[in-house]
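Here are my notes on the model, as numbered points. Please read them with the structure open.

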Amino acid sequence: MEVRRIGIIMNGVTGRMGTNQHLKRSILAIIAQGGIRVSDQLVLMPDPILTGRNAAKLQALAHETGVEKWTTDLDGTLADSDYEIFFDASGTAYRVPFIEKAIAAGKAIYSEKPTAMTSQEAVRLATLAEQAGVKNGVVQDKLWLPGLRKFLMLKDQGFFGDILSVRGEFGYWVFTGEHLDQPAQRPSWNYRKVEGGGMIVDMLCHWRYVIDNLFGAVQSVSCLGATHIPQRIDESGQAYACDTDDSCYATFALENDVVAHFNCSWCTRVRRDDLLTMHVDGSKGSAVVGLRKCWVQPQAMTPKPVWNPDIDNPIDFFANWQEVPDFGPYDNAFKIQWELFLRHIILDEPFRWTLREGAKGVQLAELGLESWAQRRWIDIPALG
Ligand SMILES: NC(=O)c1ccc[n+]([C@@H]2O[C@H](COP(=O)([O-])OP(=O)(O)OC[C@H]3O[C@@H](n4cnc5c(N)ncnc54)[C@H](O)[C@@H]3O)[C@@H](O)[C@H]2O)c1
């Protein structure tokens with residue numbers, strides 16, 4: 001049995017996503033399971049090195065996780081041919097120069113979203129990678145969530161008939177940090193424009209690939225952003241002004257006449273099935289798609305409501321929905337995409353979630369912001 005080592009530079013992974021989803025639940029989980037066994041003869045084994053600016057944080061994370069290698073010398077690591085992949089989960093505002101350097105060093109690129117702050121920059125990165133002939137990918141984790149996979153199965157089986165509309169509800173209450181026992185659970189840069197914060201920038205990247213892959217290609221967008229909470233407390237206990245949107249209300253027209261509308265908010269208290277739900281109505285059936293679960297109501301089980309607000313409604317509207325069962329264990333969504341990426345790197349298997357695909361998400365966010373600023377619908381041009 002050959003064990004093929006894959007050197008991976010993991011940059012900016014002392015943060016929330018980098019530590020939890022990418023290092024612990026993906027790369028270290030792959031190592032713990034004995035690598036990716038691709039045949040009786042070959043196992044792919046990740047070998048990470050942690051890079052970043054803050055030696056103390058890197059050392060602490062390495063110590064906590066048992067990763068042996070870490071350094072603040074990114075340039076030196078990029079020059080080391082022992083590492084063939086550069087992964088970035090640093091803050092959005094810092095990403096482009098890191099990826100540019102890694103492309104110049106001939107590394108394969110894997111990146112968190114958004115890949116850049118503007119679509120022009122995102123497309124430029126994709127082009128640079130293509131011209132340099134380096135393999136590349138962007139995190140599009142939601143596609144491997146059990147709830148969304150159940151939706152795709154239902155769609156493939158023709159459950160919905162014609163899909164008519166999709167209503168997404170996303171978000172939860174993010175504490176402002178002003179009360180001692182209720183600290184903020186998201187970083188302060190999320191509410192600062194210059195650091196790449198804002199709900200539209202954050203979430204429209206996701207909705208682009210979710211909608212394109214599940215419901216039909218997005219053709220135009222109408223988006224309203226809002227900063228409902230103007231002041232929060234940062235990591236050092238200082239009050240700061242939130243100068244970017246903490247919520248957005250976006251409608252998308254799709255190629256197949258499907259209408260998709262997503263409400264996204266860090267200022268809402270949850271009373272629904274999950275932190276993300278997508279209510280999909282079709283001519284023959286409907287589904288509520290959560291992160292892990294999916295509930296369905298076919299035509300035959302659809303109750304017939306009559307409007308009468310003078311009495312409590314006699315129908316229990318939750319009673320006629322059924323939960324789609326799990327079909328086997330579902331692995332972590334980030335880990336599944338990592339495994340596909342590593343197979344792409346070593347075995348040359350197809351991997352379509354590239355920097356160019358990721359740029360489409362940046363484009364949708366940019367046009368969402370433009371729609372908000374101009375108070376109008378905007379058509380989405382093909383990306384050059
Ligand atoms: N795929 C998803 O579902 C998802 C969810 C949340 C965030 N994200 C993306 O992941 C990225 C990180 O978000 P987060 O929530 O983990 O933020 P975070 O603030 O917790 O982490 C950011 C990390 O980048 C590091 N960093 C900042 N500047 C750096 C620099 N100049 N050099 C090296 N490291 C630097 C920070 O020290 C920290 O480790 C963002 O781009 C965000 O959009 C993706």
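1. At what angle do helix H5 (residues 119-132) and helix H9 (residues 355-374) pack, and how far apart are their axes? The angle is about 175 degrees and the axes are 8 Å apart. Axes here are lines fitted to C-alpha atoms, for helices over the stretch in contact, and angles run from 0 to 180 degrees between N-to-C directions. H5 and H9 are therefore roughly antiparallel to each other; that word covers angles over 145 degrees, while angles under 35 count as roughly parallel, 65 to 115 as roughly perpendicular and the rest as oblique.

2. Two remarks on the basis of these notes. This is a predicted model, in which local features need pLDDT of at least 70 and side-chain atom pairs count only at pLDDT 80 or more, while totals for chains, interfaces and linings use all residues. Residues are numbered from 1 along each chain as its sequence is written. Helices (H or I, at least four residues) and strands (E, at least two) are DSSP runs, numbered from the N terminus.

3. The contact of the two helices can be listed by residue. From H5 come Ser119, Ala122, Val123, Leu125, Ala126 and Ala129, and they meet Leu355, Arg356, Gly358, Ala359, Val362, Gln363 and Glu366 of H9. Contact requires C-beta atoms, placed from the backbone, to lie within 7 Å. By class, the contact of H5 with H9 has eight nonpolar, three polar and two charged residues. Ala, Val, Leu, Ile, Met, Phe, Trp, Tyr, Cys and Pro count as nonpolar, Asp, Glu, Lys and Arg as charged, and the others, Gly among them, as polar.

4. The protein chain is assigned domain 1 (2-141 + 333-354) and domain 2 (142-327 + 363-374), with bounds that come from an automatic or database domain assignment. Their C-alpha centres lie 28 Å apart. Domain 1 puts 14 residues into the contact and domain 2 puts in 15. On the side of domain 1 that touches domain 2, helix H8 (residues 333-347) supplies the largest share, three residues. That side of domain 1 has five nonpolar, six polar and three charged residues.

5. Which residues are closest to the ligand? They are Gly12, Gly15, Arg16, Met17 and Ser90, out of 20 residues that surround the ligand; a residue is near a molecule or strand if its C-beta atom, placed from the backbone, lies within 6 Å of it. Helix H1 (residues 16-32) gives the shell its largest share, three residues. Six nonpolar, eight polar and six charged residues make up the shell. Domain 1 and domain 2 each contribute at least three residues to the shell.

6. Nine strands form an open sheet of mixed pairing, in the order E17-E16-E15-E14-E8-E13-E12-E9-E18. Two strands pair if DSSP finds at least two bridges between them. At the edges, pairing on one side only, are strand E17 (322-323) and strand E18 (378-379). Helix H6 (residues 146-156) packs on the sheet against strand E14 (276-282), strand E15 (285-289) and strand E16 (294-298), and its direction makes about 165 degrees with that of E15. H9 also packs on the sheet, touching strand E9 (218-226), E12 and E18, with its direction at about 55 degrees to that of E9.

7. Some of the strand pairs can be checked by residue. E9 and E12 run antiparallel and are joined by eight bridges, with Cys223 bridged to Ala250 in E12. Ala250 in turn has Phe262 as its bridge partner in E13. Strand E12 (residues 247-254) and strand E13 (residues 259-265) are antiparallel, with seven bridges. In their hairpin, which has four residues between the strands, Asp257 takes a positive phi near 70 degrees. Val259 in E13 is the bridge partner of Ala253 and also of Ser165. E8 and E13 pair in the parallel sense over seven bridges, whereas strand E8 (residues 163-171) runs antiparallel to E14, again with seven bridges.

8. Two backbone details deserve a look. The peptide bond from Lys113 to Pro114 is cis, with omega near -15 degrees; Pro114 lies in the loop between strand E6 (108-111) and H5. Asp348, a residue other than glycine, has a positive phi near 65 degrees, and its place is in the loop between H8 and H9.
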